[in-house]
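This report is meant for a reader who is meeting this structure for the first time. Please look over the sequence and the model below before reading on.

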Amino acid sequence: MLNTKHDRIRAVVWTERGVRLLDQRRLPQEETYWTATCAFEVAEAITKMVVRGAPAIGIAAAYGVVLAARARFAEANSNWKALIKTDLQDLEAARPTAVNLAWALKRMAALINGLPSDVDPENALLAEAQRIHEEDIAANRRMGELGAALIEGPAKVLTHCNTGSLATGGFGTALGVIRYAYSEGQINEVFADETRPWLQGARLTAWELLQDGIPVVLIADSVAPYLLGQGQIQWVIIGADRIAANGDIANKIGSYGLAVAARHHRVRFMVVAPTSTIDWNLPDGMGIPIEQRPPEEVLTLAGKEIAISGTKAYNPAFDVTPAHLIDVIVTEKGVVHQPSSERMKTLQV
Ligand SMILES: CSC[C@@H](O)[C@@H](O)C(=O)COP(=O)(O)O
């Protein structure tokens with residue numbers, strides 16, 4: 001039976017006052033919530049990573065559109081549609097790599113186009129944002145089943161960053177597969193990369209897994225290739241922020257190095273993401289915009305400087321893993337083995 005303790009964790013919750021976000025900057029030491037009451041505050045929460053993870057930022061942005069519509073309709077009545085355009089642009093600009101953000105906003109914009117100008121749009125937009133949220137949870141559960149079915153257990157797996165309830169509507173992408181497979185006895189131990197510089201693995205993944213009673217061993221990122229070489233890990237399982245039409249994927253910085261090491265040591269490599277993460281407009285991963293984060297994230301640790309003042313830092317938040325290093329992409333619409341442009345098309349249904 002699937003353990004459901006994790007259902008307690010919700011990164012994004014709609015309330016009448018606004019979007020209630022579990023502040024991921026403060027976990028695991030503090031479980032504090034922050035409510036964004038307007039679209040500007042939602043965009044700021046996404047940029048500052050109060051909320052993070054590709055599907056979660058799409059969901060938060062969709063609720064941000066509801067807040068924008070509430071404000072614009074109160075301000076301008078039947079002219080609200082003209083004014084809300086800048087809110088949509090601001091939300092989309094909050095983070096560039098995860099395409100789920102643009103995808104969710106496109107869905108909200110399509111609904112806005114079809115709405116009458118002279119009727120309060122809040123309820124219709126809220127219903128759509130809630131659908132986006134619920135569909136994401138359902139997709140995660142389906143991917144959990146599909147991904148777990150590929151694992152011959154009992155296996156040990158390695159994951160990177162945080163792809164759980166915190167990064168999604170709930171349950172998780174790669175972590176959803178891990179949760180499901182653990183509950184079925186196909187996984188018996190999870191190794192989690194700490195994921196410098198933001199430490200999503202140390203601060204968030206370990207926190208989520210321990211709450212579900214799933215054994216987790218934290219490693220420094222630099223340990224991963226050595227661990228894969230020891231032959232103890234059967235699968236590397238990660239999420240994605242954007243998948244190009246040929247199956248190249250962008251994910252948290254360090255994913256590419258893991259894929260290279262996994263292939264070198266013949267460890268299988270699974271990418272788990274809903275189809276809302278696929279950017280069919282990009283033929284390959286070369287065109288994926290890679291977010292550059294502030295140097296301070298590298299130059300400090302737990303708020304303390306770790307390099308002398310004046311040191312420069314390079315801090316790309318994501319990297320691109322080419323499709324040929326990926327064994328399988330798992331989506332809610334099915335799995336694609338050895339992804340290629342041709343095979344990815346099976347998901348366009
Ligand atoms: C569902 S999670 C997939 C990705 O969003 C995840 O692996 C990741 O890279 C998150 O990056 P973050 O910078 O923490 O938003």
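## The shell around the ligand

In this predicted model, the shell around the ligand takes at least three residues from domain 1 (5-138) and at least three from domain 2 (142-347). The residues around the ligand number 17, and those that come nearest are R52, A54, T163, G239 and K252. Among the elements of the structure, α2 and β9 (249-252) each give at least two residues to this shell. Sorted by class, the shell holds seven nonpolar, seven polar and three charged residues.

## The annotated binding site

An unreviewed UniProt entry carries the annotation "binding site", and this annotation covers R52, G53, A54, R95, Q200, N251 and K252.

R52 is placed in the loop that runs between α1 (39-47) and α2 (54-76). Is R52 buried or exposed? R52 counts as buried because 26 other C-beta atoms lie within 10 Å, where 20 or more are needed for that label. When neighbours within four places in sequence are left aside, the contacts of R52 are Q24, I57 and A167.

Q200, in turn, belongs to helix α7, which covers residues 200-211. Q200 is also classed as buried, since it has 27 C-beta neighbours inside 10 Å.

The protein chain is divided into domain 1, spanning 5-138, and domain 2, spanning 142-347, and the C-alpha centres of the two domains are 25 Å apart. To the contact between them, domain 1 contributes 27 residues and domain 2 contributes 31 residues.

On the side of domain 1 that touches domain 2, the elements that supply two or more residues are α2, α4 (99-114) and α5 (122-148). The largest share of this side comes from α2, with five residues, and α2 also supplies at least two residues of the shell around the ligand. By class, the side of domain 1 that touches domain 2 is made up of 14 nonpolar, seven polar and six charged residues.

Methods: Residues numbered from 1 in each chain as written. Predicted model: local features only at pLDDT ≥ 70, side-chain atom pairs only at ≥ 80, totals over all residues. UniProt positions renumbered as here; feature names shortened; annotations may be inferred. Helix = DSSP H or I, 4+ residues; strand = E, 2+ residues; numbered from the N terminus. Buried ≥ 20, exposed ≤ 12 C-beta atoms within 10 Å, placed from the backbone. Contact = placed C-beta atoms within 7 Å. Domains from an automatic or database assignment. Nonpolar A, V, L, I, M, F, W, Y, C, P; charged D, E, K, R; others polar. Near = placed C-beta within 6 Å.
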